[in-house]
Amino acid sequence: MAHSLAEECTPLKKQYDACFNAWFEGYLEPAVSASSTPDQRAAFARQQAAEYDARCGKLWAQYRECVQKAVKDRGLDVLLDQARTENPLRDPPPPSPDDLPPASS
């Protein structure tokens with residue numbers, strides 16, 4: 001796994017990455033089950049979100065805080081704000097009919 005932006009954040013990044021990867025592996029397997037209904041999938045997704053928060057949420061918050069401090073300490077926050085002002089994120093346009101897959105018969 002790659003190092004973090006700041007060396008002091010790398011241990012937190014590695015801990016978070018390991019936690020997320022373990023959680024995500026468990027999330028994917030039953031989520032793709034063809035036998036589940038939309039309601040079952042929604043309930044499963046809510047359960048998994050709660051599990052993620054319990055297992056990895058604190059690590060994510062600590063890592064994010066470390067990276068945000070490093071960004072600010074390096075003066076990158078000014079550049080990020082400028083980039084967001086000059087090129088704000090926008091909702092993507094709806095797909096055109098040419099982008100949609102052909103209807104099956």
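Predicted model: local features only at pLDDT ≥ 70, side-chain atom pairs only at ≥ 80, totals over all residues.
Helices here are DSSP runs of H or I with at least four residues, and strands are runs of E with at least two, both numbered from the N terminus.

Residues are numbered from 1 along each chain as its sequence is written, and side-chain values use heavy atoms, with hydrogens and water left out.

**The overall picture**

Of the 105 residues in the protein, 19% are buried. Buried means under 20% relative accessible area, exposed means over 50%, and partly exposed is in between, using a 1.4 Å probe and protein chains only. The accessible surface of the protein is about 8,400 Å², and carbon and sulfur atoms account for 57% of it. That area comes from the Shrake-Rupley method with a 1.4 Å probe.

Now for contacts, meaning heavy atoms within 4.5 Å. Take those between residues at least 6 apart in sequence: 63% of them join residues at least 24 apart.

**Rings meeting rings**

Searching the whole structure turns up eight aromatic pairs. Rings of Phe, Tyr and Trp (its six-membered ring) pair if their centres lie within 6.5 Å; planes under 30 degrees apart are stacked, over 60 edge-to-face, and the rest tilted. Here are two of the pairs:

| Pair | Centre to centre | Between the planes | Kind |
|---|---|---|---|
| F20 and F24 | 5.4 Å | 15 degrees | stacked |
| F20 and Y52 | 6.4 Å | 80 degrees | edge-to-face |

F20 and F24 sit four residues apart in helix α1 (residues 10–31), about one turn of the helix. Y52, at 15%, is buried. Ring pairs join Y16, F20, W23, F24, Y52, W60 and Y63 into a cluster.

**Nonpolar cores**

A nonpolar core is a set of buried Ala, Val, Leu, Ile, Met, Phe, Trp, Tyr and Cys residues joined through side-chain atoms within 4.5 Å. The largest has six residues: Y16, C19, W23, Y52, C56 and L59. Helices α1 and α2 are the elements that give two or more residues to this core. Leaving out residues up to four places away in sequence, C19 touches R55, C56 and L59. Another core, of five residues, lies apart from the largest one and includes A6, C9, Y63 and C66.
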